Amino acid sequence: MAYDVLYLSQDDVISLGIKMEEVINEVKIGLSFKGQGKVELPPKPGVHPRDDCYIHAMPCWVGGSVDAAGVKWVAGYPKNLEAGLPYNNGVFCLNDTETGVIKSIMDANWMTTWRTGAAAALGAKYFAPPDASAVSVIGLGTIGKIVLRAVKTLFPAVTQVKLYDPLEGQANKYVLEMSALFPDITFERASTMQEACDGSDIVTTNAPILEKPNRQLVRSWLKRDCLCISSDYDSTLHENVAGESVAFCCDDRGQYLWTQEKGIYFQKGYPKGSGIYADMGEICAGKREPIRTGLRVCVFMGIASHDVMVARLIYRKATEAKAGQWLKL
Ligand SMILES: NC(=O)c1ccc[n+]([C@@H]2O[C@H](COP(=O)([O-])OP(=O)(O)OC[C@H]3O[C@@H](n4cnc5c(N)ncnc54)[C@H](O)[C@@H]3O)[C@@H](O)[C@H]2O)c1
């Protein structure tokens, strides 16, 4: 028997005008439910057709009063930048939890970008001092932009931003786009990664994820009291940053340890089981205390509860606004 599915293109999703505050709120609820043991979140299976590339399946059920389930099929290809294509590409499939029937198939590029920014902002919410004003952005592509946008949403005092990207022209493009959004921010283009880290309260890394990581960014480049937030796994932060932190936080312990045990990422010097201070589920559920001094490190792999929560929000807004197209499946 054929049934109707709501198809939402990227333009449909963007047309909903969803605000960063709303995305942060959804991601936080998903994390808090995860911390309360109400989320089914298996590790991401993936295939790797080319070097430094992945295509991941990310299924999840957020239970309790949310009761939403779905799966994201998402690819990450660093060389897409040269081809003018997004690094991350994907679709999300939202299921009815009562019948399993597919309710919606939607673009996942927008949600991947925005929820990654939101997750970084939540890392800052719990691990940065409220008056943090100086931020470094390492890697100035799509994620480098959204991370600053999200952090600035929760930290309006951020007015000094240092930038680094090895690709010529990226910093200028970044400043053009971001200064239109945040005219109160002073941007400084650094010529080295070290220079970009100097004196910042929050250092964010958003470079390509590499199978053989460079891990250039070392402890001695950072202030004594500094929060590092990585969206690029262990590709940029040296093991002496992760290893010497007073609080090492991941988004999901199970996912982090599974990846480490598989021998893929977070090898050689990255914290193992008892070296993890908390995951963001425990933090958002109030089971672990925030820490705002010393070297703190948040390494966020991106978890499927974020996507389910944002997909549910998109679906609700789209049905209210009568956006998208109903298709027979
Ligand atoms: N953790 C998550 O939840 C999550 C979600 C989405 C994307 N990501 C990751 O975020 C990263 C950035 O994605 P994007 O969409 O912004 O890609 P992008 O291609 O738009 O931007 C990447 C930028 O990094 C720069 N870069 C390359 N080598 C660098 C280096 N050594 N140091 C600093 N910068 C360097 C590139 O020049 C480019 O400007 C990727 O690794 C991607 O997989 C993580």
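Arg-115 places a polar side-chain atom 2.8 Å from an oxygen atom of the ligand, a polar contact (a pair of N or O atoms within 3.5 Å). This is a predicted model: local features need pLDDT of at least 70, side-chain atom pairs count only at pLDDT 80 or more, and totals for chains, interfaces and linings use all residues. Residues are numbered from 1 along each chain as its sequence is written, and side-chain values use heavy atoms, without hydrogens and water.

**Ligand contacts**
- Ile-143 has a backbone N or O atom 2.7 Å from an oxygen atom of the ligand.
- For Asp-165, a side-chain N or O atom is 2.5 Å from a ligand oxygen atom.
- The ligand alone exposes 860 Å², and the protein buries 90% of that (Shrake-Rupley method, 1.4 Å probe).

**The shell around the ligand**
- Helices H3 (109-127) and H4 (142-154) each give two or more residues to the shell; helices are DSSP runs (H or I) of at least four residues.
- H3 gives the largest share, 3 residues.
- Domain 1 (4-111 + 305-328) and domain 2 (119-303) both contribute residues, so the ligand lies between them; the bounds come from an automatic or database domain assignment.

**Leu-148**
- Leu-148 lies in helix H4.
- Leu-148 is buried, with a relative accessible area of 1% (buried means under 20%, 1.4 Å probe, protein chains only).
- Leu-148 touches residues including Val-135, Tyr-174, Met-178 and Phe-187, not counting residues up to four places away in sequence; contact means heavy atoms within 4.5 Å.
- Ala-121 is 27 residues from Leu-148 in sequence and 8.3 Å from Leu-148 in space, C-alpha to C-alpha.

Note on methods:
Polar contact = N/O pair within 3.5 Å; in protein donor to acceptor, adjacent residues only side chain to side chain. Buried < 20%, exposed > 50% of the residue type's maximum accessible area, 1.4 Å probe, protein only.
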